[in-house]
Amino acid sequence: MIIILKIIILIIGAYIMNLYILFPLTTNNDLLKLGFVPYYLARNFDYNSTFINFNNDDYSYLENDLSELNMDIIERKYPFDFLNIIRYLRKNAKNIDILQCFHYSIPTFTYFFIYKLFNRKGKIYFKIDTDYNTALRLNGFKKGLRYKFETKMSIFLFKHLIDFASIETKKAQNVFLESHNIYKEKMYYLPCTVNLDTEIKKEKKNIIISVGRIGSHQKASEIVLEAFKKVKTQTDNDWILKMVGPISEQFHEYIKQFFKDNPKLKESIIFTGNIIDRNELFEIFAEAKIFCLPSRYGSFEIVFTEALFYEDYLLVSDVGIGKYLVDNTNFGQIVEIDDVEDISKKMIEAIENYDANVHNTNMDFKKYINDEFSPEKYAKLIDGEFRKLFK
C-alpha cells in the first residue's frame with residue numbers, strides 16, 4: 001500500500017511545476033498587477049507559484065485575494081542587493097522549474113546566466129514589460145552603436161537562454177516579430193490582466209479623474225492641470241477634476257504655485273493623495289464620467305482598462321493599450337502628448353457630448369474588459385506553452 005501511495009505521489013508530482021517570479025522590489029500593490037496569472041496557474045493548473053523578493057511590504061493580499069501564492073524572502077547577507085539575488089539563485093536554482101524575470105537590463109541578464117548555470121534543465125520566462133519606443137530601440141530601428149549592441153544581445157539571449165517570452169501590447173510585439181524570426185518562435189502577446197469588482201456601482205457625477213503617480217514625468221500631471229484650466233476659462237460648467245494618487249515631493253511646490261496663480265480653481269480641483277483601499281479607489285472610478293491621462297510613455301497602462309471597466313470616457317495618449325481600447329470600444333479619444341490645446345479641446349468635447357457618447361454605445365464594458373484581460377484565460381495559455389517546454 002505504501003509503495004502504491006508513493007507511485008501516486010510521484011505521478012502527481014510530475015505534473016506540478018515550480019514557477020518562481022523574481023521581482024525583487026515587489027510591494028503589496030505589485031502583487032495585484034503581477035499576481036493573478038500565477039495565482040490561477042496555482043489554483044487551476046497545479047503550480048507552486050512563488051514570488052522571490054526582499055521584504056518590502058506587509059503583503060496582506062496573500063492572505064485573501066491571492067491566497068494561492070507563496071513568497072520567498074531574499075536574505076540580505078551582502079550590502080548589495082544584486083549579490084544577494086545571485087546568492088539566492090545559486091542556492092535555489094535546482095528547485096525552480098521556471099524562472100520568471102522582467103525588463104531588459106544587465107541585472108536581469110545576469111540572473112538568466114546564473115540560473116541556467118545551476119539548473120540547465122530549468123526554463124526562463126521573460127516578461128518583457130516594455131513600451132513601443134523601447135521596442136524600436138531594441139530591434140535596430142534607431143541608429144547608434146549602443147542600439148546595435150542591444151539588438152544583438154537581445155537576439156543572443158532569445159537564442160540561447162530565454163525559453164518563453166511575453167509582451168504586453170500588440171504594437172510593441174509587431175516590432176519584435178518584424179525584426180527577427182527567433183521572436184516568432186518564443187514571443188507571445190500577453191496583456192496585463194485585471195481582476196475588478198463588478199459589484200461596485202455609483203451614480204455618475206460631473207467628474208474628470210486622472211490616476212497615477214501625480215507629478216511624475218511619465219503621467220504628465222501638469223499637462224492635465226493646464227488643460228483643465230483652459231476648459232474652465234473657456235466654458236461655464238460645474239465639472240471638477242480629481243487627481244488621484246501619491247504626489248511626488250517636488251510636485252507639491254508646483255501645486256502651491258498653480259493655485260496661487262489660479263485661486264478660483266481651488267474649488268474645482270481635488271488632490272486625493274494615495275488611496276490604499278482598492279474599493280475606495282474603484283468607487284472613484286465608478287463615480288467619474290471622464291478619465292484623462294496623457295502619459296508620455298508606458299508599456300501597458302493598466303489604469304486605462306480599470307477606467308473603461310467602470311465606464312469612464314477615455315482621454316488617453318497613444319501609449320500602451322490606449323489606442324487599442326479606444327479603437328475597439330469607440331468610447332474615448334486619443335490625445336496628443338504634451339499638447340494642452342489638443343487635450344483641453346477634447347476635454348470640452350467629452351464634457352459636452354458625454355450623455356450622447358454613453359447613449360450611442362451598446363457595449364458592456366465590464367464584460368469586454370473581463371473577457372479581453374482575464375487572468376484565467378492567459379493562465380491557461382501560459383500553462384499550455386509551459387507544458388510543451390518540458391516534453
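Student: How much space lies in the largest cavity?
Tutor: This is a predicted model, and every value here is computed from it. The structure holds one cavity of 30 Å³ or more. The space in the largest cavity is about 150 Å³.

Student: Which residues that line the largest cavity are the closest to its centre?
Tutor: The lining of the largest cavity is made up of 15 residues. By class, eleven of them are nonpolar, two are polar and two are charged. The closest to the centre are Leu34, Val37, Pro38, Lys127 and Leu190.

Student: Which element gives the most to that lining?
Tutor: The elements that give two or more residues are helix H2 (28-34), helix H3 (36-45) and strand E5 (123-127). With four residues, the one that gives the most is H3.

Student: Now the cysteines. How many disulfides does a search of the whole structure find?
Tutor: A disulfide is a covalent bond between the sulfur atoms of two cysteines. To count here, two cysteine sulfur atoms must lie within 2.5 Å. The search of the whole structure finds zero.

Student: Is Cys101 buried or exposed?
Tutor: Buried means under 20% relative accessible area. Cys192, at 15%, is buried. Cys101 has a relative accessibility of 1%, so Cys101 counts as buried.

Conventions: Residues are numbered from 1 along each chain as its sequence is written. This is a predicted model: local features need pLDDT of at least 70, side-chain atom pairs count only at pLDDT 80 or more; totals for chains, interfaces and linings use all residues. Side-chain values use heavy atoms; hydrogens and water are left out. Buried means under 20% relative accessible area, exposed over 50%, partly exposed in between (1.4 Å probe, protein chains only). On a 1 Å grid over the protein atoms alone, a cavity is a set of points where a 1.4 Å probe fits but cannot get out, and a pocket is an open set with protein on both sides within 12 Å along at least five of seven lines; lining residues have an atom within 4 Å of a point. Grid points are joined across faces, edges and corners, and a volume is the space filled by probe spheres set on the points. Ala, Val, Leu, Ile, Met, Phe, Trp, Tyr, Cys and Pro count as nonpolar, Asp, Glu, Lys and Arg as charged, and the others, Gly among them, as polar.
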